[in-house]
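Thanks for coming. I have one structure to go through today, and I will keep it short. Please have a look at the screen.

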Amino acid sequence: MGTGDKINVFPSRMILTVMKVRLKGAEKGHSLLKKKSDALTMKFRATLKKIIENKTVMGDVMKAVYFSLAEAAYAAGDISQNGDPERGQGPEQDKSLRRTTWRVSS
């Protein structure tokens, strides 16, 4: 708390009572906000846990899918590593390479 947080009041019993009520209200508000913050944190952690579980399951499923795809490609007889360039698979080689020389006049 800095020096600007001080409330200038005339010291009396009435002001003391008012300040006690304000302090009690501030403490109650703080505790309610803390409870809300804790509840939201717990909800966030539960949601994050579900997301992590789903990602793990999805990773396992993707492994199985990729393996099944590889099995199907192998069973179909398509076992080339580079693919077939005629069908648009794998790396293509440009067969029409030409060397061009440009003359630039200054």
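Before anything else, a definition: a helix here is a DSSP run of H or I with at least four residues, numbered from the N terminus. And note that this is a predicted model.

On that definition, the chain has 1 helix and 0 strands. Helix 1 covers residues 13-76, which is 64 residues. From its first C-alpha to its last, helix 1 reaches 93 Å, close to the 94 Å expected at 1.5 Å a residue. After helix 1 comes G77, with a positive phi near 95°.

The chain has 106 residues, and 0% of them count as buried. Its accessible surface is about 11,100 Å², with 60% belonging to carbon and sulfur atoms.

Now to charged pairs. Side chains of opposite charge can pair when their charged atoms come close. How many salt bridges does the structure hold? The count is 1. The partners are D38 and K34, and their closest N and O atoms are 3.7 Å apart. The cut-off for a salt bridge is within 4 Å. Where do D38 and K34 sit relative to each other? They are 4 residues apart in helix 1, so about one helical turn separates them.

Last item, the nonpolar surface. V57, M58, V61, M62 and V65 make a nonpolar surface patch of about 470 Å². One of these residues, M58, is found in helix 1.

That is what I have; questions are welcome.

Technical notes:
Residues numbered from 1 in each chain as written. Predicted model: local features only at pLDDT ≥ 70, side-chain atom pairs only at ≥ 80, totals over all residues. Heavy atoms only, no water. Helix = DSSP H or I, 4+ residues; strand = E, 2+ residues; numbered from the N terminus. Buried < 20%, exposed > 50% of the residue type's maximum accessible area, 1.4 Å probe, protein only. Areas by Shrake-Rupley, 256 points an atom, 1.4 Å probe, with all protein chains shown as cover. Expected span 1.5 Å × (residues − 1). Salt bridge = Lys/Arg side-chain N within 4 Å of Asp/Glu carboxyl O. Patch = residues over 30% accessible without salt bridge, like charges linked within 9 Å, V, L, I, M, F, W, Y side chains within 5 Å.
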